[in-house]
Amino acid sequence: MDLHILEHRLKVTSLSKAGLERYTHGLIKLVFLRDRTRCKFFCLTEMPNDYTLVLDEEGFKELPRTDFLQVVEATWLALNVVSNGHSSTGSQTVGVTKIAKSVIAPLAQHKVSVLMLSTYQTDFILVRESDLPAVIHTLSEEFSIYREVNGESVAVTSTDVSNGFLKSKNGFSPTLHPVLSPKNLFCVMSLDPDTLPTIATTLMDVMFYSTSVKWESADQDLDHIHFFSFSLIDGYISIVVDTQTQKRSACGGSGGS
């Protein structure tokens, strides 16, 4: 398998819903006016109390600095696992289960934290830029590693970053984490970017006015949640939405639940 380190240098932020009105201009530009920004990696995920924004440095410039926007200090890099070929474009991607076993578990053993970002097209593993030497050294035996430089994939070897790192000789120790598994269903879909203007009103309604809708829940323990995620990465659009929101908004696209 191949592990690709993409060129995007990312910021991970949290935007309070209380300050949303101050950010609508920048968000509309990033979502609908991609030709007027140099942003190539943008993902917005709505949670009950805030929006999580993962975007590259060019996109980050579109967001005003206020107390409503909390920014993780670290810069993050996106990794992509493919099963064949030396290019992350057009190669067969690897499922989350194999990623968890071959990427996340070894990195956790070396105390490297990761974020997962899944889209209709592929799955990304986000790591802190400062952790990249440890990532390369840890995964070099399992993967052929390539780093994108000016659009070209350049092979990376662990010999350049091996000093100071020791492979763990112990087996993986089990780690338990609490998991929220809501009972409602989700729809994952893709959308042709050229058709984005035709559903602009619907998308803005879902993105900015969800708090005006009373969402019915089976109980107060978040058995059913309102969820919406929109990503525009290297020209590819992905939308993940709970089916209740999807039926209300009638978002168009190709995909399934």
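Here are a few friendly notes on the salt bridges in this predicted model.

1. Let's start with the overall count. Searching the whole structure turns up six salt bridges. The points below walk through some of them, with their places in the chain.

2. Lys17 pairs with Glu46, and their closest N and O atoms sit 2.8 Å apart.

3. Next, have a look at Glu62 and Lys29, whose side chains form a salt bridge at 3.3 Å, N to O. Glu62 is in the loop between α2 (57-60) and β4 (69-71) and Lys29 is in helix α1, so this pair ties together parts 33 residues apart in sequence. Glu62 has a relative accessibility of 22%, and therefore counts as partly exposed, because buried would require under 20%.

4. Asp194 and Arg34 make another salt bridge, with 3.7 Å between the closest N and O atoms. Here the link runs between the loop joining β10 (186-191) and α5 (200-208), which holds Asp194, and the loop between α1 and β2, which holds Arg34; the two residues are 160 residues apart. Asp194 is exposed, at 61% relative accessible area, whereas Arg34 is partly exposed, at 27%.

Terms used. Residues numbered from 1 in each chain as written. Predicted model: local features only at pLDDT ≥ 70, side-chain atom pairs only at ≥ 80, totals over all residues. Heavy atoms only, no water. Salt bridge = Lys/Arg side-chain N within 4 Å of Asp/Glu carboxyl O. Helix = DSSP H or I, 4+ residues; strand = E, 2+ residues; numbered from the N terminus. Buried < 20%, exposed > 50% of the residue type's maximum accessible area, 1.4 Å probe, protein only.
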